[in-house]
Amino acid sequence: MKIKFFSLIGILLLVSSCKTYTVPVESFKKQMTESDSGQLKTVEINHPGFYSQSNSNRNLNYEANSIKSIEVFDKKGNKVKLENSPKLEMRITKKDGKKNILLFDTVIVQNDTLKGARSRLIQNLTREIALIDIEKIEIQDSGKVYEYQ
């Protein structure tokens, strides 16, 4: 009984600790196209969850966008500037109700299409979504301990 109680408390704390922000589709498109986010660069991050501590010097390399920050809105409607980092994840809700999760620092906009990675481990696992099909964009600071090296 105590294990279930503490597990429930832990899950609630984990879920409530992640801040979620929204950004209108047109604002997102404008910010991504004005910032040269389509210029990909190779980045390196730590990956504490995948590699054991004995292999702590092992990092992941992948292609990331060049955007420095993005303006979003918090739950109260206040404008917030989020710095790009490997901790940010995007939740895309399409007009048909389907949801997709992408890694924010891998997302680019090309020809009215949003393109991004769903995984850092399987780098070919990508998604392309027409901007016209997007109902809602949410960006979440996952709280993971990923950092650029």
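Reader: How do you know how far to trust the model, and what is its average pLDDT?

Author: The protein averages a pLDDT of 83. That value sits on a scale from 0 to 100. At least 70 is reached by 79% of the residues.

Reader: Which elements have the lowest and the highest mean pLDDT?

Author: Helix 1, residues 2–17, has the lowest, at 54. Strand 6, residues 88–94, has the highest, at 96. Local features need at least 70 here. Where pLDDT is low, the predicted coordinates should not be read in detail.

Reader: What makes up the pattern along the sequence?

Author: The protein has two helices and eleven strands. Read along the sequence, they run α-β-α-β-β-β-β-β-β-β-β-β-β.

Reader: Why are strand 2 and strand 3 called a pair?

Author: A pair needs at least two bridges. Strand 2 (residues 41–46) and strand 3 are joined by six bridges, so they count as a pair. The sense is antiparallel.

Reader: Why do strand 8 and strand 9 count as paired?

Author: Three bridges join them, and at least two are needed, so they pair. They run antiparallel. Gln110 has Thr113 in strand 9 as its bridge partner.

Reader: What makes strand 8 and strand 10 edge strands?

Author: The sheet is open and has three strands in the order 8-9-10, with antiparallel pairing. Strand 8 (108–110) and strand 10 each pair on one side only, and that makes them the edges. Neighbouring strands of this sheet are turned by 25° against each other on average, direction ignored.

Reader: How much space lies in the largest pocket, and which residues are closest to its centre?

Author: The space is about 240 Å³. The lining has 14 residues, and the closest to the centre are Glu63, Thr106, Ala117, Gln123 and Thr126. Strand 3 (59–64), strand 9 (113–117) and strand 10 (126–130) each give two or more residues to the lining.

Reader: How do the lining residues divide by class?

Author: Four are nonpolar, five polar and five charged. Glu63 is one of the lining residues. Glu counts as charged, so Glu63 belongs to that class.

How values were computed:
Residues are numbered from 1 along each chain as its sequence is written. This is a predicted model: local features need pLDDT of at least 70, side-chain atom pairs count only at pLDDT 80 or more; totals for chains, interfaces and linings use all residues. Side-chain values use heavy atoms; hydrogens and water are left out. On a 1 Å grid over the protein atoms alone, a cavity is a set of points where a 1.4 Å probe fits but cannot get out, and a pocket is an open set with protein on both sides within 12 Å along at least five of seven lines; lining residues have an atom within 4 Å of a point. Grid points are joined across faces, edges and corners, and a volume is the space filled by probe spheres set on the points. Helices (H or I, at least four residues) and strands (E, at least two) are DSSP runs, numbered from the N terminus. Axes are lines fitted to C-alpha atoms, for helices over the stretch in contact, and angles run from 0 to 180 degrees between N-to-C directions. pLDDT is the predictor's confidence in each residue, from 0 to 100.
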